[in-house]
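Look at the fold before reading on.

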Amino acid sequence: MAITPEGAVKKQIKALLTKYNVYYAMPIGTMYGNSGVPDFLCCVNATFLAIEAKAGKGKTTALQDKNISDIHKAGGRAIVVNENNLDRLELLLEELCSEDSSGRCDTLDTNTF
């Protein structure tokens, strides 16, 4: 099966999140869930980060814009990423991980529970 242009962007986002050891989830929209939730919900070095993936000239919907605004109001970070600005996402991940002396975000130590 061929990958869609937005699917290709999501694949590149996943690669960056993996590179920086970022926890992420990709919520699936259902009739029981919230509409307009960004494609990736992440925790980066104790910061909430939401990522909406778009391809080409894809635009966010009004509901997606509302969710992104609500995330900012709650103190989280949110970014819309397409194939032309993946470097902005990487810079943001570097910034959020910069307090980690190894250059990578901390991984979960299951022995601490």
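Four residues of helix 2 are buried: Q64, N67, I68 and I71. They fall within an arc of only 100° around the axis, so they lie on the same side of helix 2. The spacing follows a general rule. An α-helix has 3.6 residues a turn, so residues three or four places apart point the same way.

Keep in mind that this is a predicted model.

What about the other face? Turned away from the buried side, it carries A62 and K73, which are exposed. Buried here means under 20% relative accessible area, and exposed means over 50%.

Helix 2 spans residues 62-73. Its 12 residues reach 16 Å from the first C-alpha to the last. That is close to the 16 Å expected at 1.5 Å a residue. After helix 2 comes G75, with a positive phi near 95°.

## The strands around it

Strand 3, helix 2 and strand 4 form a β-α-β unit. Its hand is right-handed.

| Strand pair | Bridges | Direction | Opposite residues |
|---|---|---|---|
| Strand 2 and strand 3 | 5 bridges | antiparallel | C43 and F48 |

Strand 3 runs over residues 47-53.

Is strand 3 mostly covered or mostly open? It is mostly covered, with 5 of its 7 residues buried.

Strand 2 and strand 3 make a hairpin with 2 residues between the strands. In this hairpin, N45 takes a positive phi near 50°.

## The whole chain

Now step back. The protein chain has 3 helices and 4 strands. In which pattern do they follow one another along the sequence? The pattern reads α-β-β-β-α-β-α.

The protein chain has 113 residues, and 34% of them count as buried. It exposes about 7400 Å². Carbon and sulfur atoms supply 55% of that area.

Contacts also reach across the sequence. Take the contacts in the protein chain with a separation of 6 or more: 59% of them come from residues 24 or more positions apart.

Notes:
Residues are numbered from 1 along each chain as its sequence is written. This is a predicted model: local features need pLDDT of at least 70, side-chain atom pairs count only at pLDDT 80 or more; totals for chains, interfaces and linings use all residues. Side-chain values use heavy atoms; hydrogens and water are left out. Buried means under 20% relative accessible area, exposed over 50%, partly exposed in between (1.4 Å probe, protein chains only). Contact means heavy atoms within 4.5 Å. Accessible areas come from the Shrake-Rupley method with a 1.4 Å probe; for residues, only the protein chains shown count as cover. Two strands pair if DSSP finds at least two bridges between them. A crossover is right-handed if, with the strands pointing away from the viewer, the path from the first strand over the helix to the second runs clockwise. The expected span of a helix is 1.5 Å times one less than its number of residues. The arc is that of the directions from the helix axis to the C-beta atoms.
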